[in-house]
Amino acid sequence: MAAMLAEPPGTLDEAIPSLAPLRRPGLVGRLEGWSPAGGVSGWACPWPLQPQAPPLRLHVVLEDLLDPSGRLAIVELMAAQPRPDLLPLGIEQACGFRFWWSPTHPLPPFSQGLVLRVFAAGEGGPELAGSPLRLDADSYAQIAHQRQHGPAREGALTTLQAPQLQGWGRGPEPLVVRLDGTTTQPIAPPVALPEGPWPFQLILPATLADGRVHHLQLETTGGQVLDQRFDLLPFHLTPWAALQQHARPPFPDELSPLARERYRSLRTWLAWADADGTPLPPDLPLLQRLLEHPLARSGETPPASGGTEPGPDGSATARQPLRLPIAADPLVSILIPVHNQYGVTRRCLAAIAYAPTRIPFEVLVVDDGSVDGTAEALAAEAPGVRLIRHDFARGFNQACCSGAAAARAPVLVLLNNDTEPCAAWLEELLDPFERWTDTGMVGAQLIYPDGRLQEAGGIVWGNGEPWNYGRGGNPHDPRVAYARQVDYASAAAVAIRRDLWNRLGGFSPEFSPAYYEDTDLAFKVRQAGHTVRYTPLARVIHHEGMSCGTDTTASSGLKRFQETHRPLFQQKWAAAFQGPTEPNPAAAELIKDRGILGRALCLDQETPRPDRDAGSHAALVEMGLLQDLGWKVTLLPLNLAWLASYSEELQRRGIELIHAPFVLSLEAFLRERGREFELIYLTRYTVAAQALPLIQRFAPQARLIFCNADLHHLRQLRAARAESLGGDAARRALEAVEEVKRQELAVMREVHLTFSYSEVERAVIEAETLGEAATAPCPWVVQGPEAPAPLEGRSGLAFLGSYGHPPNRDAVEAFLVQVWPLLLQQRPELRLHLYGSGLDATTAARWGAEPGVIVEGWIADPATVYARHRLFVAPLRSGAGLKGKVVAAAAHGIPQVLSPLAAEATGLRHGQEVLIARTPDDWCQAVLRLDGDDDAWRAMGAAAFAYARDTWSRERGLALMADALARLDLPHRSPA
């Protein structure tokens, strides 16, 4: 599990009686010193004290007093870390700072005159109290060591072998382990204290042995957090394999390492049955029993002719036929080569039937010279499965070719018989073909029976050696949980289009009977101009070695051909190999992502939920454009939440989603991986304000793009005006606007380029910053239907928005008071449908009580709103930026009546693509006109539809994003 180091930036010296000695022009603060554990630390804030003041920027420099020309800038940082110890002095704001040297920070040769100084940023910025700080030879040596090896720590958690927790501490101070944020257990240092770290072992309380995940945190007695982790603590220690061997059926399948996958299959079947009446598998109890029994290893499998298998209580019972849902017109042909071991094959067929899928498939089993009665048993016990028989064993390579030659479906899926596919595996295997048209071959995520990762795509190193990336790791680790281009994928579970297979000649015969045929095929696919991709949500359990063994040195068996074919493959494809010639884990993290030009880190507040708000749609669009231009995208939402289907959709898109518990803070992530990114894309000024100090420290090389969505201070100003505030309320509102404005502009000055959807707002930014903040139009892409839905069958007015966003709530409130009663007087049959998320029950009930108002609430597919109703209205009185709902409505060809603010930044023209209403009378006239004039309705809908296709097309979005990258001297593919 991931660990996090979180240290407070310092403590107040109790000897300081007041702030007077620490005051400098415009600030108060102190450089407190340097230590191996704490780095350079101190605090600084504006003077006079202002609790809401922005953090100060500081410059850290080294000077040699013996050489006046020897001044060296080290780092620029923000004084923004919490300092609760300053509260007694009346300092409430977070104003601490801490800095550790890293290899990216310069360190000159040692000199007797070397001093460290800290200044406020800006021309002639004042120097902090406590500065300069003299660096003697010992301090210099410690800094040099820290620069190479990282900051010192006073303790850490290392391993958990329940119930025993192990770790280490340093020094004489006792430590404590905090359990789930409440209970603590003390850890005393040894009586004979060593010079370096001392180990500890702690037996966790039995109350935690409940099979749940718990939070373990190592602290000093003063509350300083040294390390933390999340771990699952089991309520028994008997291994699953031992349970299967020594217990008796029925086995407690919920304790299996694969229980999550089995439950996922059952839950999916039940959800489909509940949603649309999808029938459950007729043999579900039999399938469950076959999968929960232990799989017999090689040499233990009874002959197929025996006709029995373990029953519900473990005693022998006659085998029953397996009824697979074989399709008459399949989309996928599943090819399973087998040689003997019928029990393994039967279990594989049971797993296929057990795994929910709506993809029509056929199954072809190629019996490669089996002598255990496999062919006869399949004919009797697997109706519908097509059997292809080899009279003698030709090997895996030729067995797959025989199956492919007989296949009828457009997509081939090669599947080992020692595998168990999991829920929706075929949907996930086919997804990359639909998502990326250059996809030629797709590999599944292979999982060991104990739940560990076996393969997340393959790497071929510069010396031609193949590598199963991620082997032995966690299959849910963000690093292996997103779709990406790879060098190859193992044929244990791989999909390829049948026409491409035939065009390439399938597996090359020189790699018969087995091994390296899949790696060779992947290179042929890539040579033909296609990509090979890995898709993590197509999960397949692989009992490795059941088919061909695991001993590459054996004198018999197929596994020996792994070594025989290695030099043949390396000679054939030597010119295509890339990357380091010596395999190593660190390099693997970089070369695992094939087909990219750069790496971008996107930071936002939350995981995008595009059916909830327009901002989420925008985030997906912008990340997708970066991907299309050749960039790998890593997304870190500051709340680090994993949100099930929303998160999985990001992973399908090829976005590496960072989430807890694998990462526990932005600082921890940037500390580990900040140097990896050439571009950091920041969304929202509040996110940027938190991230910029960390980026300056851990990713100073990155170019920064900031997308603020809209000018928040402009939105707040308009909201204040819409409320017609006066007196103190108006003054406070304007002060809040000024503060937000200051913060937004400060962020814009710190980044290299600011995106804005609005030409008006770009002009405001350039004027307010006197041109200091570079701006660019932010791309917006909307995908509408091929043609608008017809007028027939439509009725009523519609509004759609997230009501957690104040301008949307305000718009509806004002519309219901000022406009809706007037409309009903003239046309009582009108209905207003209100869609969107974030509406509380009280407001929904109040709005729903209005005559003719129907509160629809959240809707999964907003397109149905635009196709169902006659008019879309957006009576916004406050807000800023581009309104996603307005753009989407135009793209679907539904006529709109808009307030001037709703139309802002869209370019939609009054009387051409929309009607713009300013007064209640304007609203009534516009709505009644479009509701009563079919010709005007059709003309305006067609004009909006054509405008949207031209203005917010993907082609234009790509061009805008490519131009932004070019302005920052960053590479990109041609947007054509």
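**A walk through the predicted chain**

The accessible surface of the protein chain comes to about 40700 Å², and carbon and sulfur atoms account for 54% of that area (Shrake-Rupley method with a 1.4 Å probe). This is a predicted model, where local features need pLDDT of at least 70, side-chain atom pairs count only at pLDDT 80 or more, and totals for chains, interfaces and linings use all residues. Residues are numbered from 1 along each chain as its sequence is written, and side-chain values use heavy atoms, with hydrogens and water left out.

Let's look at the interior next. Of the 976 residues in the protein chain, 54% are buried, meaning under 20% relative accessible area with a 1.4 Å probe, protein chains only.

Now for the fold itself. The protein chain holds 28 helices and 42 strands (DSSP runs, H or I of at least four residues for helices and E of at least two for strands, numbered from the N terminus). Its radius of gyration is 33 Å, close to the 30 Å that the globule rule gives for 976 residues, so the chain is as compact as a globular protein of that length; the radius is taken over C-alpha atoms, and the rule is 2.2 Å times the number of residues to the power 0.38.

Seven strands form an open sheet with parallel pairing, in the order β32-β31-β30-β33-β34-β35-β36; two strands pair if DSSP finds at least two bridges between them. At the edges, β32 (656–657) and β36 (775–777) each pair on one side only. Within the sheet, β34 (residues 703–707) runs parallel to β35 (residues 753–756), joined by three bridges, and F706 stands opposite T754 in β35.

Key. Buried means under 20% relative accessible area, exposed over 50%, partly exposed in between (1.4 Å probe, protein chains only).
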